[in-house]
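Please look through the sequence and the model shown here, and then follow the paragraphs below with the structure open beside you.

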Amino acid sequence: MGVKDRESYDTAACCAQAVIVTPIPDKIEERWKLMLTDCFFRSLSHLADFSELLGLKDYMGVMMFITFAERVVPVSDQRVHVTEELFDGVEVVVYQPKLQGGDTELRRAVIYLHGGGWCLGSARMGPYDLLARQMVIDLNSVVVSVEYRLAPEHHFPVPYEDVYRVVKHFLQRVVLAQYTVDPGRIAVSGDSAGGNLAAAVSQQLQQDPEQQLQLKVQALLYPVLQALDLNTPSYQQNQNMPILPRTLMVRFWSEYFTSDKTFFRAMMTNTHNSPESAALLKFVNWSAFLPESYRGKYNYSAPVVALSAGGAGSDGPSRSIADPRASPLLVPDAALRSLPKAYVLTCEYDVLRDDGVMYAARLRRAGVEVTHEHYASGFHGALMFTVWPTDFLIGRTMTENFIKWLQHNL
């Protein structure tokens, strides 16, 4: 067996851990519907593993079927005007209320960043199109949905840079005037990997000396916020939960940084930290930031530090994981104090639960006003399951509460 074959075999072996089916917790509503939905996701994941093993198509290339299957053509309707535009060279879909005669009132605006692990997803997917229209109608707002470039074709920091360029472009008075937007009522929001990008952009804007206009709020929906410790209690408790098992989240992180499967295997065993990133582990020490109710039966053990994680060297992915643009949870408290008011949504049955809980705790400690909404029966991705046949009551509830928070705070 050659080196390449061995790497493919080892990767498949790591991914095979996701085959284990864990009974869906009783607290989750519509369990059978979730079981059937997850069966489809797991089947596609296994097909993607097999395709990559045979050298037919890479894993993410197969998983993109989900994105293509849910893609829609955003068009205007009776209440919402939709246009597809370029903001500083980046594709965006802009949703606006249809103007009534003589209507010159300045509006709110929401810059929305889709999820999908930086590798999947699109602003043009049905659930995101539906969410954008609902925000336009319920908030009388302009919504800018960003079609940032995806990994693995475009590794970090390209997706982040695309988003940052869009936000900088939009936060110009001349652009805001074009869309009748109030410069003091602009939010950035995103789910999962989109929440990661929203948090990172909020931080970096505050540190930009040339930036005159700032965001009023940030809304982070089950965000992924750090890549240093992939064995937090929620990663352990929910390692085989539906929609986003630990193996898939680790693969998303790995593919965001590199196509080197060696780094993926290091991340799977939580041995991917270099001395440089290890110096920042204090910011993700869950024994310090997680309330006891979230720690459960788990005891803290600091991740192993390798001299060269995954053989990547100081200029590779082991340096990227320490970059706050990739891991917003790593910034010191001083960088958090000036951040805008935050909404953080977390789900009990989600490997990313503790990322959001720790960030909410650190923001509060830094003096930022935070609303942390935790769903004890929630699972990752629920906000996007609002379209038949995968429409879940909890998804609609999350959407209503998220928009209600924006109504009161934006």
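P152 sits in the loop between β4 (141-146) and α6, where helices (H or I, at least four residues) and strands (E, at least two) are DSSP runs, numbered from the N terminus. The peptide bond leading from A151 into P152 is cis, with omega near 0°. P157 also lies in the loop between β4 and α6, and the bond that joins F156 to P157 is cis, with omega about 10°. Most peptide bonds are trans, and most residues other than glycine have a negative phi.

This is a predicted model, in which local features need pLDDT of at least 70 and side-chain atom pairs count only at pLDDT 80 or more, while totals for chains, interfaces and linings use all residues. Residues are numbered from 1 along each chain as its sequence is written, and side-chain values use heavy atoms, with hydrogens and water left out.

Helix α6 (residues 158-170) and helix α8 (residues 193-206) have axes that come within 10 Å and cross at roughly 55°; such axes are lines fitted to C-alpha atoms, for helices over the stretch in contact, and the angles run from 0 to 180 degrees between N-to-C directions. That makes α6 oblique to α8, since angles under 35 degrees count as roughly parallel, over 145 as roughly antiparallel, 65 to 115 as roughly perpendicular and the rest as oblique. In α6, the residues P159, Y160, V163, Y164, V167 and K168 meet L197, A200, V201, Q204 and L205 of α8, where contact means heavy atoms within 4.5 Å.

R107 belongs to strand β3 (residues 107-113), and with 4% relative accessibility R107 counts as buried; buried means under 20% relative accessible area, exposed over 50%, and partly exposed in between (1.4 Å probe, protein chains only). The side chain of R107 makes a polar contact of 3.4 Å with the side chain of N140, a term for a pair of N or O atoms within 3.5 Å, of which, within protein, one must be able to donate a hydrogen and the other to accept it, and residues adjacent in sequence count only if both atoms are side-chain atoms. N140 itself is found in the loop between α5 (126-139) and β4, is partly exposed at 29% relative accessibility, and has a positive phi of about 50° although it is not a glycine.

D38, in helix α2 (residues 31-53), counts as buried at 8% relative accessibility, and its side chain is joined to that of R42 by a polar contact of 2.6 Å.
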